[in-house]
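Subject: Structure handover

Hi,

Here is the structure I promised to pass on. Please open it alongside this email; my notes on the backbone follow below.

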Amino acid sequence: MCGLVLSAGPEADPAIFRRMLATLESRGEVTETRYENGLLTGVRRLRVVDRDRAVQPWTDHDERFVLCYNGEVFNHHELRAELTALGHRFRSASDTEVVLAAYLRWGEEMVSRLRGEYAFAIADRASGRAYLVRDPLGVKPLYWARTPGCLHVASEVKALVGLGTPILEVPPGHHGWADAGAPVRLRPYVDLLTLGDELPPVDDPDEAAQLVRAALTDSIRTRVDTDLTVGVVLSGGLDSSLTLLHVREMHPDCVAVTVGVPESPDLVHARRLARDLGVPHEVVELRPRDIRLAEVREAIRISELTEYGDIINAVVSVPLFRRLRELGVKVALTGDGSDELFGGYPMYHQVGPAAARRLFRYKLRNLGRTELQRVDRTSMAYGVEARVPFLDLGVVELAMRLPVGLKMREGQEKWILREAFADLLPDYIRRRPKNPMSYSSGLHERARLYKPLFARLHRSFHYNLLEPVRRDFDTVLTRCGNDLDRAIAAGRARPDYTMLEHARDLVGAAKWNAVPMVRRLVGPRRSRGDAPLPG
C-alpha cells in the first residue's frame, strides 16, 4: 500500500530524509510528510482504502502519536465496530486510522488483534521513540539503521544504503521500541516455530478438506474487499488457478495476467483456464532473448534479494507487475506460500514427519526475505499491492495441524488442497504437477546465464549492508540429504557458490541457450515451393 520513512533523534536531517523517501517513489501515488525538530515522518501512499481521507502520517487527536503505515489490516471493519462501541470517534473510513486507534486503546497488545499484511511505525513525540511492527509472515517489509543521534526506519533497503551504516530487518511477527541511542528491543508476538502446537492435529481427510476449503475461501474473500479492479497473477498452476476461481466469483471486476515464452506450460494452461472462466486475460509473451543484462540488473535493483533462485524469479515477475500498472490495476492476488504450507516441494516428503515439520517451519520463517520479498518489491516497484491469501495466519495455523500424509498422497503433492476443491478445479489444473515459476514460464535458463554476475550487481547497489547474496538454501539442503541442521551449518561455512560451481552452472545454461540458435543454423531450408513443415 505504501512506502514509509522515519528519522527520529536530535540529528534528524531533512535533506537525508527527503533523499530516503524519494527512493520509494514507486510504492505510491502521493508523497505525504510531517517535519518537526527531531522527528521526520513520511509516506509514499498508494491510495486503496478511503483514498481521499487516509492521509499520512496519521496522528491522534492530541497529536502525541504519529503513524506511518504500509499494507492493509483486513479486519478493520470489525475492529472499527469494537472501538466505536468503546467510545472511539473516527474521522475516516480507513484502516490506517483503525491501527492507531487500536494502539491507543490496547497498547502493544493490539498486535494480537490485527489480521492482515502490514508494517508500521508509531512515533511517540513525548519520548522520541518509535514502536515498530511487522506482520506475522513478513509480507510487508521494514528495516532500520542508525547514524549518530538518529534512528532511521524505511520500507526498503535502498532507502537506507545511502547512510553507509549496517542495516537491520524487523523480523516477521516482531514488534518493539527503538530510538536514536538505546538498544533496539524487538520481540515476537507470533512464533512460527510453534504455531498450531497447542491445537489438536487434523487427521481425518474429510474434516481437513472442509477446514482447508473454508479457511482459504474466507482468506480470499477478505482480500477482495475493495471497489478497485483486482488482478490475479495466473501461472495456470494449482495455487493461482484456485485464487482466480474464487476471485471471479467474489469480485465483479477482475483480470488475470500471465508471463511466459510462447507455448510455455504456464501460457497454455493459463489461457485455457481464463477462456473457460470468461475472465479477461493479459499475456506478457516474451522470448528468452528478451531477458538481457539490463533486465537482470533492474530486477536486482528492484528486489534487493539475496538468493540466486529468488533473483531469477524476480526477473520473471517484473514484467507481470509492469503490465498490471499499465492496466491501471492497484490490487492483485497471488498464489505464493501454498507450496510451503501444503507440501509442494520434494524435500518435505523425503524425510520423516518430525523432520518435515521442522522444514515446513524453517521455510515459513524465511519467506519474508525470499519469496515474499520478491513479491513485495516487484509489485510495489509498479505501484501494485500484491496480496497473498495462502499466507493468512488462519490458513497457516491450519496447515501446521495437518500431517504430511495429507499433503503428499497417492504420489501427488498438495493432495489435500486438490481434494478440498475437487469440485471446482478443472481436471487439467487439478492434475497438473508442481513446476517452479521461472521454469514453467520458459525463462529460467535465459536468466540463469547471468547468475555469475548476481552478487557483483547486488554489491553495486550496496545491498550487502544488510546481507550478501548467498547460495540457494534449497540447493544446500538437497546436497545435505535434507538434513536441516547440516544445511544451516553448510550455509554458514560457505555462504556463496565457488567459482567452479558458477562455471559449471554457466556451461549448462550456455548449452541450453545455444540449442535454439543451432537449430536455426542447421535446420533444413525450404525453397519457395516447399510446403511448410508440420507443427
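Asp50 sits in the loop between β3 and β4. This is a predicted model, so read every value here as computed from it. Phi of Asp50 is near 45°. That is a positive value, and Asp50 is not a glycine. Most residues other than glycine have a negative phi, and most peptide bonds are trans. Asp50 counts as buried because its relative accessible area is 18%, and the cut-off for buried is under 20%.

The loop between β3 (39-45) and β4 (58-59) also holds Pro57. A cis peptide bond links Gln56 to Pro57. Its omega is about -10°.

Glu263 is another one to check. Its phi is near 65°, again positive in a residue other than glycine. You will find Glu263 in the loop between β14 (254-260) and α6 (265-277). Is Glu263 buried or exposed? Glu263 is exposed, because its relative accessible area is 62% and exposed means over 50%.

Last, Lys140. This lysine is in the loop between β7 (129-134) and β8 (143-147). Lys140 counts as buried because its relative accessibility is 2%. How far apart are Lys140 and Val259 in space? The C-alpha to C-alpha distance is 24 Å. In sequence, Lys140 and Val259 are 119 residues apart.

Best wishes

How values were computed. Residues are numbered from 1 along each chain as its sequence is written. This is a predicted model: local features need pLDDT of at least 70, side-chain atom pairs count only at pLDDT 80 or more; totals for chains, interfaces and linings use all residues. Side-chain values use heavy atoms; hydrogens and water are left out. Helices (H or I, at least four residues) and strands (E, at least two) are DSSP runs, numbered from the N terminus. Buried means under 20% relative accessible area, exposed over 50%, partly exposed in between (1.4 Å probe, protein chains only).
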